[in-house]
Amino acid sequence: MTKKQVDTLVIHAHLFTMQGTGVGYIADGAIAVEGSRIVAVDSTEALLSRFESHKTIDAVNCAVLPGLIDAHIHTTCSLLRGVAQDVTNWLMDATMPYGLQMTPAANIAGTRLSVLEGLKAGTTTFGDSESAYPLWGEFFEEIGVRAILSPAFNAFPLEWSEWKEGDIYPFDVKAGRRAMAEAVDFACAWNGAAEGRITTMLGLQAADMVPLEMLREAKEIAQREGLMLHIHVAQGDRETEQIVKRYGKRPIAFLDEIGYLDEQLLAVHLTDATDEEAIQVGKSGASMALCSGAIAIIDGLVPPAHIFRQAGGPVAIGSDQACGNNCCNIFNEMKLTALFNKIKYQDPTIMPAWEVLRMATIEGARAIGLDRKIGSLEVGKEADLILIDLTAPNLSPTLLDPIRNLVPNFVYAASGHEVKSVMVAGKLLVEDYQVLTVNEDAILAEAQAQAQQLEQRVKADSAHQKMVLMEAMAKGKL
């Protein structure tokens with residue numbers, strides 16, 4: 001029997017396909033890859049009898065999983081890592097003084113750093129929500145990861161210093177429309193770019209940040225262009241207060257009234273939603289993006305992902321941003337998601353490891369509308385996969401029978417540093433811990449240089465004296 005030639009064979013793996021309702025484990029598993037797609041998944045013996053390959057990856061003592069999905073991240077914010085934790089009023093009194101001093105050069109340096117960090121920790125798909133800026137899409141194309149870019153917009157005026165806490169937000173409708181037009185242009189131009197690795201959503205920032213007529217227009221545009229809407233929803237008491245004052249309804253009821261609760265919506269956070277509201281969104285066909293670490297640090301809360309899933313809604317995991325979470329690492333988010341929900345409900349069976357792993361892979365893919373392409377290792381899907389070194393001390397020993405310990409250890413013990421190799425669309429981006437497509441040292445050096453320039457701009461602005469952590473600095477606590 002003549003063997004078929006393929007580009008890559010991955011053999012001798014502890015293979016987790018995520019097919020079916022569990023984790024789809026295959027002992028001594030193998031995958032055949034041709035071009036960007038998976039053409040066979042079976043035992044090593046079966047595939048070696050059928051295929052020869054240009055490249056063979058021996059995954060002995062490794063687990064092979066679908067690439068992890070970070071459904072909601074603000075990549076530019078890695079330059080602000082560690083400057084806005086352990087505070088109240090996180091946005092206005094800690095993050096904003098830095099955010100106002102970001103430049104296009106700082107933005108792209110932050111994005112490069114965030115994506116590098118995530119890639120090395122096994123993230124293959126990045127749901128990045130940013131105001132579009134130069135070189136944003138180009139970098140994702142260069143490094144080779146999969147991206148869902150959501151150009152974000154709002155209708156805030158450039159200068160709104162007269163606004164006071166508790167007042168209704170001022171809107172600059174002309175500026176908002178320009179921003180929306182730029183976001184739509186970007187989303188249409190980049191959707192399907194990089195041979196399909198880059199897709200887009202429309203990143204309306206939040207329902208309280210644009211006037212009603214723009215909300216209606218954004219929905220119509222997204223429907224016309226076939227785009228999902230990537231929106232912060234019920235993300236905090238400020239949003240709830242603004243919408244109640246402006247429309248007389250809480251955010252979920254308001255979004256329902258204007259036709260936003262459907263399969264087109266990726267609702268991020270739902271932090272301020274009641275259980276009843278979360279159930280309503282979950283039953284509507286909408287998806288949820290959960291950011292456990294960031295919401296814990298920013299608000300000290302656990303978002304209602306468990307309730308949302310019980311209502312039938314798919315949940316994806318996001319890392320949010322490094323100034324509100326400190327890392328771009330889905331292993332970290334999986335662990336925090338499992339632990340926080342067990343604590344919240346005082347029930348150790350809530351959010352078991354296998355469910356959380358599915359949220360980072362196949363369920364996350366369903367939440368962002370890409371489950372036909374990624375999220376599981378199946379014939380016909382894109383070859384997005386990661387190799388995890390099981391000989392790492394924190395993942396040792398490997399136990400298989402009567403209880404297999406690998407999935408619990410991925411969620412509760414892994415840090416991401418055990419990711420040995422990463423493939424996206426059939427192309428190796430990381431091999432034996434080395435990033436192949438970009439210069440890691442240059443990215444780190446530029447991020448450091450841009451961050452130092454950023455902090456000098458912040459120091460030169462007298463507003464920095466009002467930052468909530470200045471007292472801690474003065475007392476030598478930082």
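Among contacts in the protein chain (heavy atoms within 4.5 Å) between residues at least 6 apart in sequence, 71% join residues at least 24 apart. The model is a predicted one, in which local features need pLDDT of at least 70 and side-chain atom pairs count only at pLDDT 80 or more, whereas totals for chains, interfaces and linings use all residues. Residues are numbered from 1 along each chain as its sequence is written, and side-chain values use heavy atoms, with hydrogens and water left out.

The protein chain holds 17 helices and 18 strands, taken as DSSP runs (H or I, at least four residues, for helices; E, at least two, for strands) and numbered from the N terminus. Buried residues, defined by under 20% relative accessible area with a 1.4 Å probe and protein chains only, account for 56% of the 478 residues. The C-alpha trace spans about 75 × 45 × 45 Å along its principal axes.

Helix H3 (residues 104–120) packs against helix H16 (residues 440–460) at an angle of about 135 degrees, the axes lying 9 Å apart, where axes are lines fitted to C-alpha atoms over the stretch in contact and angles run from 0 to 180 degrees between N-to-C directions. H3 is therefore oblique to H16, a class left for angles that are not under 35 degrees (roughly parallel), over 145 (roughly antiparallel) or 65 to 115 (roughly perpendicular). Residues of H3 including Ala109, Leu113 and Leu116 meet residues of H16, among them Ile443, Leu444 and Ala447.

Key: Buried means under 20% relative accessible area, exposed over 50%, partly exposed in between (1.4 Å probe, protein chains only).
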